[in-house]
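Trainee: I would like to learn how to read helix packing. Could you walk me through it with an example?

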Amino acid sequence: KPRSIYSEVALTKAAYLMYKEKNYQEALPVYQQMQELAENPANKLTAKIGAMRCAFNTNQFEVALTECNKVLASEKLTPQQTSEAKYMKAKSLYETQRFDDALTEFKAISKSSKNITGAEALYYVAKIYYTKQDYKEAEKTINSLISFSYSNDDWNTKGMLVIADCYIAKGEL
């Protein structure tokens, strides 16, 4: 419909309902349209965050990167919103095989996160080093992961598999 005084409210509610029902593919264009039409700064930010989440959850990593950058360029983000956007940006960079950029992002996350996300970031740092055939750095990173206060058995186990892969690649059976 043409823009009216109800457009912003209608888009906000429609996007929310679609997102709540996990219809991310349908919600994404609604959030993107909402970014264009919204006049309320809170609704603009909600649209950016919603579009970022929808793109990420539908594995549209190029779109997710664009939306992450929009969110990170926004004013008045909470620390949680900033952390979420940086995490999604790092994962999207990794999934699009931009390993150098992803490495930078994951290193920053591993240093700043005092939760399980920091452990996951260390795991991805090690995976990137393994992909680059820098086995020594991969092993060193996994050792940091294992001693990381917020790590758990899942990330430690995945890390041990990366170390095993490093040994195999080096011929140290």
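Mentor: Start with handedness: a crossing is left-handed if the near helix is turned anticlockwise from the far one by less than a right angle, and right-handed if clockwise. Here, the crossing of α5 past α6 is left-handed. This is a predicted model, in which local features need pLDDT of at least 70, side-chain atom pairs count only at pLDDT 80 or more, and totals for chains, interfaces and linings use all residues. Residues are numbered from 1 along each chain as its sequence is written, and side-chain values use heavy atoms, with hydrogens and water left out.

Trainee: What is the angle between α5 and α6, and how far apart are their axes?

Mentor: Two packed helices are described by the angle between their axes and the distance between the axes. The axes are lines fitted to C-alpha atoms, for helices over the stretch in contact, and angles run from 0 to 180 degrees between N-to-C directions. Helix α5 (residues 79–95) packs on helix α6 (residues 99–112) at about 150 degrees, with the axes 8 Å apart. Angles under 35 degrees count as roughly parallel, over 145 as roughly antiparallel, 65 to 115 as roughly perpendicular and the rest as oblique. So α5 and α6 are roughly antiparallel to each other.

Trainee: Which residues of α5 and α6 meet?

Mentor: Contact means heavy atoms within 4.5 Å. From α5, K86, Y87, K89, A90, K91, L93 and Y94 meet F99, D101, A102, E105, F106 and I109 of α6. The residues of this contact divide into eight nonpolar, no polar and five charged. Ala, Val, Leu, Ile, Met, Phe, Trp, Tyr, Cys and Pro count as nonpolar, Asp, Glu, Lys and Arg as charged, and the others, Gly among them, as polar.

Trainee: At what angle do α3 and α4 pack?

Mentor: About 155 degrees, with the axes of α3 and helix α4 (residues 61–72) 8 Å apart. That angle makes α3 and α4 roughly antiparallel. By class, their contact has 10 nonpolar, no polar and three charged residues.

Trainee: Is N43 buried or exposed?

Mentor: Buried means under 20% relative accessible area, exposed over 50%, partly exposed in between (1.4 Å probe, protein chains only). N43 lies in helix α3 (residues 41–57), and counts as buried because its relative accessibility is 18%.

Trainee: How many helices and strands are in the chain?

Mentor: Helices (H or I, at least four residues) and strands (E, at least two) are DSSP runs, numbered from the N terminus. The chain has nine helices and zero strands.
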